[in-house]
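The following note goes through one structure in numbered points. Please keep the sequence and the model in view while reading.

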Amino acid sequence: MDLRNNNITVGELLDNPKSRAVFQRRFGRYLKHPMVGAARSLSLAQLAEMAAVYIPKKNIQETLQELQKL
């Protein structure tokens with residue numbers, strides 16, 4: 001998947017069934033958070049930076065690699 005140098009929006013990723021499935025499998029409980037709707041306009045890079053407070057960097061990197069392989 002072309003992540004456009006991690007500038008693809010979270011909304012675009014969530015609207016794509018394949019990338020949404022990656023997020024669901026890896027971070028399912030977070031997808032129910034009320035802020036997910038507000039995060040749709042963020043870039044993937046912005047989301048990764050914010051998520052690093054809660055999620056280990058290794059998990060974030062593995063997710064980015066998996067999304068690139070789609």
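1. N6 counts as partly exposed because its relative accessibility is 21%; buried means under 20% relative accessible area, exposed over 50%, and partly exposed in between (1.4 Å probe, protein chains only). N6 lies in the segment before α1, where helices (H or I, at least four residues) and strands (E, at least two) are DSSP runs numbered from the N terminus. Phi of N6 is near 65 degrees, a positive value in a residue other than glycine.

2. The model is predicted: local features need pLDDT of at least 70, side-chain atom pairs count only at pLDDT 80 or more, and totals for chains, interfaces and linings use all residues. Residues are numbered from 1 along each chain as its sequence is written, and side-chain values use heavy atoms, with hydrogens and water left out.

3. N5 is also found in the segment before α1. N5 has a positive phi of about 55 degrees, although it is not a glycine. Most residues other than glycine have a negative phi. With 71% relative accessibility, N5 counts as exposed.

4. Which residues does F23 touch, not counting residues up to four places away in sequence? They are L13, L14, G28, L31, L44, L47 and L67, where contact means heavy atoms within 4.5 Å.

5. In α2, the buried residues are S19, V22, F23 and F27. Seen down the axis of α2, these buried residues fall within an arc of 95 degrees, so they line one face of the helix; the arc is that of the directions from the helix axis to the C-beta atoms. P17, K18 and R25 are exposed on the other side of α2. The buried residues of α2 pack against α1, α4 and α5.

6. In α4, L44, A48 and A51 are buried. The buried residues of α4 line one face of the helix, because they fall within an arc of 70 degrees when seen down its axis. On the other side of α4, E49 and M50 are exposed. The partners against which the buried residues of α4 pack are α1, α2 and α5.

7. Y30 is found in the loop between α2 and α3 (35–39). Y30 has a relative accessible area of 32% and is therefore partly exposed.
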